[in-house]
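Work through these exercises with the structure open beside you. Try each task before you read its solution.

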Amino acid sequence: MIKKVFEGEINYLQVMDENGNIDKELMPNYLDDKTIVEMYKNMSFARALDAKVLSLQRQGRATTYAPLIGEEATQIGSAMAMRKEDFFVPNFRQHGVYLVRGLPLETFFVYWRGFEEGNAIPENVNGLSVAVPVATQMPHAAGIAYAFKYLKKDSAVIAYVGDGGTSEGEFYEALNFSGVFQLPLVTIIENNQWAISVPRKMQSSAETLAQKGFAAGFKNILQVDGNDVIAVYKATKEAIEKASEGPSLIECITYRMSMHTTSDDPTRYRSEDEVKAWQAKDPIARVRKYLVSKGLWNDDLESKMAEEQKEKIDEAVEKAEKFVPDPKSIFEYVYSYIPPMLKEELDEAEKANFYM
Ligand SMILES: Cc1ncc(C[n+]2csc(CCOP(=O)(O)OP(=O)(O)O)c2C)c(N)n1
Ligand SMILES: [Mg+2]
């Protein structure tokens with residue numbers, strides 16, 4: 001006997017195309033134009049913030065930084081779909097998510113000046129701190145989702161992972177665990193086509209990264225145009241609504257338009273033509289086209305917005321640059337307590353006034 005025991009299918013969702021045209025049948029009826037204007041402003045703000053940190057980094061005023069340019073729709077769409085009570089778990093590139101969730105801008109800049117104090121996420125932001133070791137955030141996300149379920153809280157966890165991150169053991173472990181316990185975990189794969197210099201096709205020979213959810217028994221698996229803020233918003237919102245029924249996996253197809261980090265030179269491993277092709281799919285430009293065509297946006301509003309955003313950013317940078325860390329902090333945060341050996345060193349440093 002031979003019989004089929006499993007069949008899987010993945011849909012790709014796009015609501016707004018590259019020219020700002022809407023697929024009316026797929027347009028969510030709970031999304032109004034005011035929210036789309038808000039999405040546009042948030043995406044523009046994220047891009048402006050990105051440009052500012054890059055410029056500071058080049059002046060020696062910020063540390064190694066991972067730009068988000070090109071990935072604004074994935075980040076803003078998913079972040080705006082979250083409810084206050086939901087919790088997010090980022091990797092190291094989700095600056096736009098922090099922005100929407102209300103991380104004080106000054107804190108953001110303190111972190112990117114290289115100070116861990118800026119990685120202390122205020123409780124009301126409802127998210128974890130930046131995680132640089134690839135995919136290590138995933139078991140944390142599954143653990144928090146387990147706690148929510150255990151405590152019968154009506155909250156979901158939204159976890160972010162890159163295309164490269166989906167090759168890590170932690171990714172599979174977290175998915176498997178959340179499938180077994182049917183946890184309220186929404187995993188967003190921010191597939192920006194590259195993991196530093198490793199292209200998507202060298203990451204996995206699977207046609208989609210989303211299908212990795214099948215192995216963990218996920219019922220809600222989707223691929224979306226990650227440069228379409230409305231598709232990302234819709235997919236995330238609906239996954240959050242279904243979170244009490246079990247985990248979801250959403251693969252957002254987007255593109256890292258710039259370097260991996262400020263220590264990387266992408267011209268060494270990818271072609272200009274590839275970058276140009278993706279520039280035509282810019283996530284911000286298409287929303288602007290939509291808003292302009294509906295008479296909801298114009299050049300005056302654009303320059304007013306840019307000016308206001310610049311002011312906010314400059315003010316936050318000024319405050320962040322006044323931040324002086326307590327030198328004692330280098331002894332304090334490696335362990336939950338200061339072990340005797342470090343305490344000795346701390347006492348010695350204090351006696352010698354060595355770190356003042
Ligand atoms: C465990 C681990 N291995 C290697 C690295 C070095 N590293 C930093 S980011 C990165 C690639 C990540 O690619 P992806 O998951 O696609 O995320 P993206 O950078 O594209 O947003 C690597 C290999 C690391 N930080 N952690
Ligand atoms: Mg990547």
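**Exercise 1.** In which loop is the place of Thr267? Then decide whether Thr267 is buried or exposed.

*Solution.* Keep in mind that this is a predicted model.
Step 1. Locate the residue: Thr267 sits in the loop between S8 and helix H9 (272-279).
Step 2. Count its neighbours: Thr267 has 10 C-beta neighbours inside 10 Å.
Step 3. Apply the cut-off: a residue with 12 or fewer is exposed. Thr267 therefore counts as exposed.
Step 4. Thr267 and Asn220 are 47 residues apart in sequence, and their C-alpha atoms are 37 Å apart.

**Exercise 2.** Take strand S8 (residues 248-253) and find how many of its residues are buried. Which of its residues point one way, and which the other?

*Solution.* 
Step 1. Check the cover: six of the six residues of S8 are buried.
Step 2. Sort the side chains. Ser248, Ile250 and Cys252 point one way. Leu249, Glu251 and Ile253 point the other way.

**Exercise 3.** Explain why S4 is described as largely enclosed. Then trace how the chain gets from S3 to S4.

*Solution.* 
Step 1. Seven of the seven residues of S4 are buried, so the rest of the structure largely encloses this strand.
Step 2. Strand S3 (residues 157-162) runs parallel to S4, with six bridges between them. Val161 stands opposite Ile189 in S4.
Step 3. S3, helix H6 (residues 169-180) and S4 form a right-handed β-α-β unit.

**Exercise 4.** Describe how helix H2 (residues 72-81) packs against H8.

*Solution.* 
Step 1. Two packed helices are described by the angle and the distance between their axes.
Step 2. The axes of H2 and H8 come within 8 Å and cross at roughly 35 degrees.
Step 3. The crossing is right-handed.
Step 4. Residues making the contact include Ala73 and Ile76 of H2, and Val232 and Tyr233 of H8.

Conventions
Residues numbered from 1 in each chain as written. Chains lettered and ligands numbered in written order. Predicted model: local features only at pLDDT ≥ 70, side-chain atom pairs only at ≥ 80, totals over all residues. Buried ≥ 20, exposed ≤ 12 C-beta atoms within 10 Å, placed from the backbone. Helix = DSSP H or I, 4+ residues; strand = E, 2+ residues; numbered from the N terminus. Axes fitted to C-alpha atoms, helices over the stretch in contact; angles between N-to-C directions. Left-handed = near helix turned anticlockwise from the far one by under 90°. Contact = placed C-beta atoms within 7 Å. Pairing = 2+ DSSP bridges. Right-handed = clockwise from strand over helix to strand, strands pointing away.
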